[in-house]
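Hi there,

Here is the model I promised to pass on.

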Amino acid sequence: MAAAETLHQEEAVLLATALVDYVAASAGLQALFIKGPGATMMGLRENHVSADVDVLVRPDDLDKMVELLGGRGWLERPSGVSVVRRYSHSRTLYHPQWNCDIDVHDRFPGMEAPPDGAFYTLWRDRQLLVMATRSVPVPSIPAAVIFQALHSLRAMDDARHQREYSGLLQWVDASKHRDIVDLSVELQATAALKPLLSDLGIADLPDRQGTVSEEWRHRTSVQGTGTAHLVALLESPWRAKPRLLTQTVFPSRQTLRHEDLHMDESLSGLSRAYIARWRRILVSLPAAAWKIRASRGR
């Protein structure tokens, strides 16, 4: 394949989607393509060029999917030292000759139903869309609305997510309300979708029950490096705090490579990487503290 610079990112994402679908189908795996180009084709978001392919597979198929793509040159991004590890829901792959990533999910945050059951529900109602001349499975329209809403609601302090959420509200008409509620109940996503249901004016419909999970509270509060490190320090026992603080100030090279795969590992390059990291954390701390305080007041 030619160098990545010859592909526009939008083309790369569509071609990578077709590739993942081909690899999955050839191995007899079910793969559902979420968010991204499919959401744009359905009119659920603005014409935004995706940076990656998001694909949802059965939990038991996650390792196999990563292995199959690895056989075609896709490598797993270094995970670094994650400060909030217990809610992992995807594995990110990159290819030296492609200018997009592939995120292989085994579940989706905000959907509290058992992941295998949630996948069955989503796969049962799937539809097909053509990407790079290949018909690929994508969620039904009600499911796609839920994916987009959960994706936006996780980071509503981001201007693009605010725009996409506002656009989603304008697109969803009353005829779709019942299907969205029914599916959100089946996926056990009504608690996380409370803002959406309220904004759509369907708060009085039945079966809208439950409280948000600890994971969802983390995901809506931990946005950015500074917030994640603050959460880790606050929640860790006192004996672990010195180690976590050291990892924050002087992370390993693997952690730095997670932030920049092409990092200059000379002494001067490492110094620049450390300084850039410290600056990002310091700048984000005031907003991080406010967000954590707000999330814990819910």
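A cavity here is a set of points on a 1 Å grid over the protein atoms alone where a 1.4 Å probe fits but cannot get out. Grid points are joined across faces, edges and corners, and a volume is the space filled by probe spheres set on the points.

Before going further, a word on the source: this is a predicted model, where local features need pLDDT of at least 70, side-chain atom pairs count only at pLDDT 80 or more, and totals for chains, interfaces and linings use all residues. Residues are numbered from 1 along each chain as its sequence is written, and side-chain values use heavy atoms, with hydrogens and water left out.

The largest cavity has a volume of about 70 Å³. Helices (H or I, at least four residues) and strands (E, at least two) are DSSP runs, numbered from the N terminus. By class, the lining has six nonpolar, three polar and three charged residues. Ala, Val, Leu, Ile, Met, Phe, Trp, Tyr, Cys and Pro count as nonpolar, Asp, Glu, Lys and Arg as charged, and the others, Gly among them, as polar.

Now the helix packing. The axes of α5 (residues 141–153) and α7 (residues 177–186) come within 9 Å and cross at roughly 70°. That makes α5 roughly perpendicular to α7 (65 to 115 degrees; over 145 is roughly antiparallel). Axes are lines fitted to C-alpha atoms, for helices over the stretch in contact, and angles run from 0 to 180 degrees between N-to-C directions. On the α5 side, Pro-142, Ala-143, Val-145 and Ile-146 make the contact (heavy atoms within 4.5 Å), and α7 brings Asp-179, Ile-180, Leu-183 and Ser-184. Six of these residues are nonpolar, one is polar and one is charged.

Helix α5 also packs on α6 (residues 159–171), with axes that come within 9 Å and cross at roughly 150°. That makes α5 roughly antiparallel to α6. Val-145 is one of the α5 residues here too, and α6 residues in this contact include Tyr-165 and Trp-171.

Best wishes

Conventions
Angles under 35 degrees count as roughly parallel, over 145 as roughly antiparallel, 65 to 115 as roughly perpendicular and the rest as oblique. On a 1 Å grid over the protein atoms alone, a cavity is a set of points where a 1.4 Å probe fits but cannot get out, and a pocket is an open set with protein on both sides within 12 Å along at least five of seven lines; lining residues have an atom within 4 Å of a point.
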